[in-house]
Amino acid sequence: MEYLYIIVVIAVVLVVAAGTLVGTAVRRRPRLPRARPGADTLTGPGPAGGVGTLEAPPSGVAEAEAGALAEAPAPAPAPPGLEAPAPPGLEVPAPAVGRLVRLRARLARSQSSLGRGLLSLLSGDDLSEDDWEDVEATLLLADVGVAATGELVSALRERTAVLGARTYGDVREMLRDELLAQVGTAFDRSLRTSAEDRPAVMLVVGVNGTGKTTTCGKIARLLVADGRSVVLGAADTFRAAAADQLETWGGRVGAVTVRGPEGADPASVAFDAVKRGVAAGADIVVIDTAGRLHTKVGLMDELSKIKRVVSKQGPVDEVILVLDATTGQNALTQARVFAEAVDITGVALTKLDGTAKGGIVIAVQRELGVPVKLVGLGEGPDDLAPFEPEGFVEALLGDATG
C-alpha cells in the first residue's frame with residue numbers, strides 16, 4: 001500500500017507540472033495583429049524598429065486567382081483598322097472624312113442670309129415682280145454672280161409656277177435642288193495625292209494675305225490624316241518667316257520641310273523638294289509659293305518658271321489656288337490672272353466662315369471651270385475640309401424644319 005501512495009503522489013505532481021508548462025507556453029506565444037477587413041497588407045515591426053509592410057498570407061481564393069492569371073492567354077492584338085498612336089511629340093490630325101459635317105453648324109451661322117433669306121422670300125403664296133427682284137438681289141449680294149443669278153431666278157420662277165401653293169418643305173426642296181445644280185455635283189473634287197513610281201506634286205499659289213502658307217500646313221495635316229507621307233517645299237524664299245511657319249506646321253505631323261536660304265531661287269527650292277520626295281519615297285510633295293499680286297507680271301512669270309522647273313522631274317499633278325472668300329468678286333479677278341499663268345486644277349476657299357457669302361463658290365467655279373476642292377472654316381489646325389456640295393447646300397439652308 002505504501003508503494004501505491006507514492007506512485008499516486010508522483011503522478012499528481014507530474015500532471016500539475018505538465019499543465020503549468022503548457023499554460024506558460026500559450027501565454028508566451030507572439031500574437032499577430034488582426035487584419036482589417038479587405039486589407040491586403042499587415043503592419044508589423046520593420047527595420048530598425050520602425051513600422052514596415054508585410055504581405056498578407058495568401059488565402060485559398062488568392063492562390064486560385066494567382067493560378068488563373070498564370071494560365072491566362074496573352075492579350076489579343078488590337079483589331080485591324082484602328083489607328084496606331086502617333087510617335088511621341090507628333091500630333092494626330094482629325095480624319096479627313098466628315099470634317100465638313102462637323103463644321104456645318106459654323107458654316108450655317110455665317111451663311112444664313114443667303115439660305116434663310118431665299119426661303120423666306122419664296123415661301124409666299126403669290127410672288128410679285130418685287131418679290132422676284134428681292135430674290136435676285138439676295139443672290140447677287142451673296143456673290144453668286146450675274147450669270148448664275150439669272151439662271152437660278154429663271155429656274156425658280158418655272159418651278160414655283162408649276163408647284164402652285166407651296167409649303168416651307170416644298171420651297172426648301174426646290175431651292176436645294178437648284179442650288180446644287182449651280183454648285184455642281186459632277187466635278188471630280190478629289191485631290192490627286194498619289195502617282196505611279198513617283199511622288200505626286202501639288203503646287204499651292206495665291207495672292208498675299210489669303211492664308212496660303214497656313215493652308216499648305218493644313219493640307220499637310222489633311223494628307224497625313226489620310227495616311228499619306230508628305231514632303232513640304234518652302235519655295236516662298238522672300239520671307240524667312242514663311243519657311244519657319246511651314247516647317248513648324250510640318251514638324252507637328254512628321255512631314256519633312258525642304259527650304260533654302262532667304263532670297264534663294266524659288267524654282268530651285270521647289271526642284272530640291274521634289275528631288276527629296278523622290279529619294280524618300282514620299283507619297284506627295286506640297287510646294288508653298290510666294291504670295292504675289294496678280295497685277296505684277298514678273299511675279300506671275302516666276303510662277304510659270306517654278307512649274308516648268310519642277311516638271312523636269314515629272315508632271316505637276318495639282319495646282320491649288322488659295323482664295324480669300326471674304327474678298328468676294330475681287331477673288332474672281334485674281335482667279336482669272338492666276339489661271340493664265342498656271343493651269344489651275346482646284347480652289348481652296350479660306351475664311352468661308354467669316355463675312356464671306358456662300359455664292360462665291362458658284363461664281364469661282366463658273367469663272368475657272370475647275371472645282372472648289374477645299375474650304376477653310378476656322379482658325380483651328382483641322383478646320384480645312386474637303387468640299388462636299390450636298391453638305392454645303394444643306395448648311396446654307398439650315399434646319400429643315402424651318
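**View 1. Strand β7 and its burial.** Strand β7 (residues 318–324) is mostly covered, with seven of its seven residues buried (under 20% relative accessible area, exposed being over 50% and partly exposed in between, with a 1.4 Å probe and protein chains only). The model is predicted: local features need pLDDT of at least 70 and side-chain atom pairs pLDDT 80 or more, whereas totals for chains, interfaces and linings use all residues. Residues are numbered from 1 along each chain as its sequence is written, and side-chain values use heavy atoms, without hydrogens and water. Strands (E, at least two residues) and helices (H or I, at least four) are DSSP runs numbered from the N terminus. On one side of β7 lie E318, I320, V322 and D324, and on the other V319, L321 and L323, all of them buried.

**View 2. The strands paired with β7.** Strand β3 (residues 200–206) pairs with β7 in the parallel sense over five bridges; pairing requires that DSSP finds at least two bridges between two strands. Here V204 stands opposite I320 of β7. Strand β8 (residues 346–350) runs parallel to β7 and is joined to β7 by five bridges, with A348 in β8 as the bridge partner of V322.

**View 3. Strand β4 and its surroundings.** Because six of the six residues of strand β4 (residues 230–235) are buried, β4 is largely enclosed by the rest of the structure. V230, L232 and A234 point one way, and V231, G233 and A235 the other.

**View 4. The strands paired with β4.** β4 pairs in the parallel sense with strand β6 (residues 284–289) over six bridges, and G233 stands opposite I287 in β6. Three bridges link β4 to strand β5 (residues 256–258), also in the parallel sense; V256 in β5 is the bridge partner of V231.
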